[in-house]
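Student: Could we go through this model together, one question at a time, so that I can learn how each answer is reached?

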Amino acid sequence: MLRNEGTKMGKIIVIHSYKGGTGKTLLSVNMAAAYAKMGKRVCLLDLDFRAPSLQSIFKLNGSKYWLNDYLNGSCEIGKVLVDYTPECECNGSMYVGLANPAIEALRDMSAKDRKWEMRALGRLLSLKNTVLNDMELDYLIYDTSPGLQYSSINAIVSADVVLVVSTIDRSDVEGTKRMVHELYDLFEKKTAILMNKVPIEFLSTQLERDSVYKRFENTHTLPVLKVIPCYCDVLRSGGSKIFVRDEPEHAFTKHVNDITLKIDNF
Amino acid sequence: MSKSFGKNPAVILEKIRESLDRLNEKMEIFIELQKQERKQDLIVHDLPEALDVMTLLSLPDHLRKTAVSICKLGHATAEEVAEQTKRARAVESGYLNQLVLMSYLKKERKGRKAYFYVEK
């Protein structure tokens, strides 16, 4: 897949999970920041229209338009994206597109009919040309709603790579397993698992770490890209920090950097 | 002597190929219609609203692959879909016509090419 001669075509990475609270948003934000720091051109979109959250992290004032407007067909994607490069202290570029957090917008998005969802899929699919190719971006990252929401499945259909974030919670693991076979497999998507918030005592020796990887790879019959321990200070930060930017030496940052490198070779 | 004998044989062969292509497409539609009738005519009784992701999930694997390709391409010939799915053009043509019969896709002809698309 070549964009121009010698230039690789950008990738759409979807971060999804079966349950809420697995750390999708934290990982999406930090992965986008990590790519930007590596000198890549990246765009992060909030496709969680049920519970938008990126606006509380980025506090952007640069756009009058939301992703809702783009999917409604009332504006082009360029009007939605805000250039976050100056604030992300990076060598590359970082753009952000937010979902409208107003209650009225949440209500509006949950009342869309199937025709609208079909058109929304078309508009998401067209981002491959308008954002990845025309803006010459390297990565487009979608932060999605958990479970089988229309917006999330639309995102999955348009994805090049799907990262499923799961905790060790039994219902999460079982739900993720079902979702892998009843959703990702049906769309033949390149999928990997990210185990997040794993108690640190499960990972204290190399043997234990290997056994956790093996256990979840066997459960999901998919590669486990990373097992990330549960860090109290990450939880304590309450989503107010971009670790890759604010704490470059933190262990969580190192895990995120590893994930971004692994995706390139995935 | 018939007029066509004066023409370039390559032109005549091209005309024959075009006719065969059209005939082939009609045959595929005919075969699909027969299959559908055998399945108690699901087309007439259960018209879908839209080719959204839930519909995509409910399709059999072979048709889903074709439908997803058309969603990505927007407006495409069987040959273009076949390039994406890495299956034979004739196979894709059959699946696309089946999706047209199921009312998920529309078909229009431009010259000798048939284009398939999702009506928005």
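This is a predicted model: local features need pLDDT of at least 70, side-chain atom pairs count only at pLDDT 80 or more; totals for chains, interfaces and linings use all residues.

Student: What radius of gyration does chain A have, next to the value for a compact globule with 266 residues?

Tutor: Along its principal axes, the C-alpha trace of chain A spans about 55 × 40 × 40 Å, and 44% of the 266 residues count as buried. A compact globule with 266 residues would have a radius of gyration near 18 Å, and chain A agrees with that expectation because its own value is 18 Å.

Student: Which strands are at the edges of the sheet in chain A?

Tutor: Chain A holds 14 helices and eight strands, and eight strands form an open sheet with mixed pairing, in the order β3-β4-β2-β5-β1-β6-β7-β8. An edge strand pairs on one side only, and in chain A this is the case for β3 (82–83) and β8 (224–229).

Student: In which sense do strands β6 and β7 of chain A pair?

Tutor: In chain A, strand β6 covers residues 161–166 and strand β7 covers residues 190–198, and six bridges link the two. One place to look is A:V162, which has A:T191 of β7(A) opposite. The sense of the pairing between β6 and β7 of chain A is parallel.

Student: What angle does the direction of helix α1 of chain A make with that of β5(A)?

Tutor: Helix α1 of chain A, residues 24–37, packs on the sheet and touches several strands, including β1 (11–16), β2 (41–47) and β4 (93–97). Strand β5 (139–144) is also touched by α1 of chain A, and the angle between the direction of the helix and that of β5(A) is about 170 degrees.

Student: Which strands does helix α11 of chain A lie across?

Tutor: Helix α11 of chain A consists of residues 206–220, and its direction makes about 130 degrees with that of β8(A). The strands that α11 of chain A lies across are β7 and β8.

Student: Does A:S240 count as buried or exposed?

Tutor: A:S240 is found in the loop that joins α12 (232–236) to α13 (243–246) of chain A. Although A:S240 and A:I57 are 183 residues apart in sequence, their C-alpha atoms are 6.1 Å apart in space. The cut-off for an exposed residue is 12 or fewer C-beta neighbours within 10 Å, and because A:S240 has 9 of them, the residue counts as exposed.

Student: Which element gives the largest share of the side of chain A that touches chain B?

Tutor: The contact between the chains takes 14 residues from chain A and twelve residues from chain B. On the side of chain A, the elements that give two or more residues are α7 (114–125) and α9 (150–158). By class, that side has eight nonpolar, two polar and four charged residues. The largest share of the side of chain A, eight residues, comes from α7(A).

Student: How does helix α4 of chain B lie relative to helix α5 of chain B?

Tutor: The axes of α4 (residues 61–73) and α5 (residues 78–85) of chain B come within 10 Å and cross at roughly 110 degrees. Their contact includes B:I70 and B:L73 of α4(B) together with B:V81 of α5(B), and the residues of this contact divide into three nonpolar, four polar and two charged. Angles of 65 to 115 degrees count as roughly perpendicular, and therefore α4(B) and α5(B) are roughly perpendicular.

Student: Which strands stand at the edges of the sheet in chain B?

Tutor: Chain B has six helices and three strands, and an open sheet of three strands has the order β1-β3-β2 with antiparallel pairing. Each edge strand has a single partner, so one side of each is left without a neighbour in the sheet, and the strands concerned are β1 (75–76) and β2 of chain B.

Student: Which residue takes a positive phi in the hairpin of β2(B) and β3(B)?

Tutor: Strand β2 (residues 106–110) of chain B is hardly covered, as the count of buried residues among its five residues is zero. Five bridges join β2(B) to the antiparallel strand β3 (residues 113–117) of chain B, where B:K106 has B:Y117 as its bridge partner and B:E108 has B:Y115. The hairpin has two residues between the strands, and the residue with a positive phi, near 65 degrees, is B:G111.

Note on methods:
Residues are numbered from 1 along each chain as its sequence is written. Chains are lettered from A and ligands numbered from 1 in the order in which they are written. Two strands pair if DSSP finds at least two bridges between them. Helices (H or I, at least four residues) and strands (E, at least two) are DSSP runs, numbered from the N terminus. Two residues are in contact if their C-beta atoms, placed from the backbone, lie within 7 Å. Axes are lines fitted to C-alpha atoms, for helices over the stretch in contact, and angles run from 0 to 180 degrees between N-to-C directions. Angles under 35 degrees count as roughly parallel, over 145 as roughly antiparallel, 65 to 115 as roughly perpendicular and the rest as oblique. Ala, Val, Leu, Ile, Met, Phe, Trp, Tyr, Cys and Pro count as nonpolar, Asp, Glu, Lys and Arg as charged, and the others, Gly among them, as polar. The radius of gyration is taken over C-alpha atoms; the globule rule is 2.2 Å times the number of residues to the power 0.38. A residue is buried if 20 or more other C-beta atoms lie within 10 Å of its own, exposed if 12 or fewer, and partly exposed in between; C-beta atoms are placed from the backbone.
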